[in-house]
Amino acid sequence: SNATEVISRGDHTCALLSDKTIKCWGHNTYGVLGDGTWTQRNTPVTVLGISNAIEISGHIQHTCALLSDKTMKCWGG
């Protein structure tokens, strides 16, 4: 209910939340969910190490976040 942006790419989906964190779910090939595992998740998990995201983008094998300091962080393959 507090998502400001949602992306769906391939077999995973991620949501940018109003508190500037990101949650992802789905297949976790190449670690694309950002939770430090390759485990498929049917419920959203928090992307580790991100607390200042302002935008998200993704592809089938990776996901990226634009951070409030204008840097980017990407995870997956």
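Analyst: Thr-21 touches Ala-15, Leu-16, Ile-50 and Ser-51, leaving out residues up to four places away in sequence; a contact here means heavy atoms within 4.5 Å. This is a predicted model, where local features need pLDDT of at least 70 and side-chain atom pairs count only at pLDDT 80 or more, while totals for chains, interfaces and linings use all residues. Residues are numbered from 1 along each chain as its sequence is written, and side-chain values use heavy atoms, with hydrogens and water left out.

Helices (H or I, at least four residues) and strands (E, at least two) are DSSP runs, numbered from the N terminus. Thr-21 has a relative accessible area of 16%, so this residue is buried. The cut-offs are under 20% for buried and over 50% for exposed, with partly exposed in between, using a 1.4 Å probe and protein chains only. The side chain of Thr-21 also makes a polar contact of 2.6 Å with the side chain of Asp-19. That term means a pair of N or O atoms within 3.5 Å; within protein, one must be able to donate a hydrogen and the other to accept it, and residues adjacent in sequence count only if both atoms are side-chain atoms.

Gly-26 counts as buried because its relative accessibility is 14%. Apart from neighbours within four places in sequence, Gly-26 is in contact with Asp-11, His-12, Leu-33, Gln-40 and Arg-41. Leu-67, by comparison, is 41 residues from Gly-26 in sequence and 23 Å from it in space, C-alpha to C-alpha.

Now for the whole chain. It has seven strands and zero helices, and 36% of its 77 residues are buried. Among contacts between residues at least 6 apart in sequence, 32% join residues at least 24 apart. The C-alpha trace spans about 30 × 25 × 20 Å along its principal axes.

How confident is the predictor? The average pLDDT of the chain is 96, and 100% of the residues score at least 70; pLDDT is the predictor's confidence in each residue, from 0 to 100. Confidence is lowest in strand E1 (residues 3–9), with a mean of 95, and highest in strand E4 (residues 41–46), at 98.
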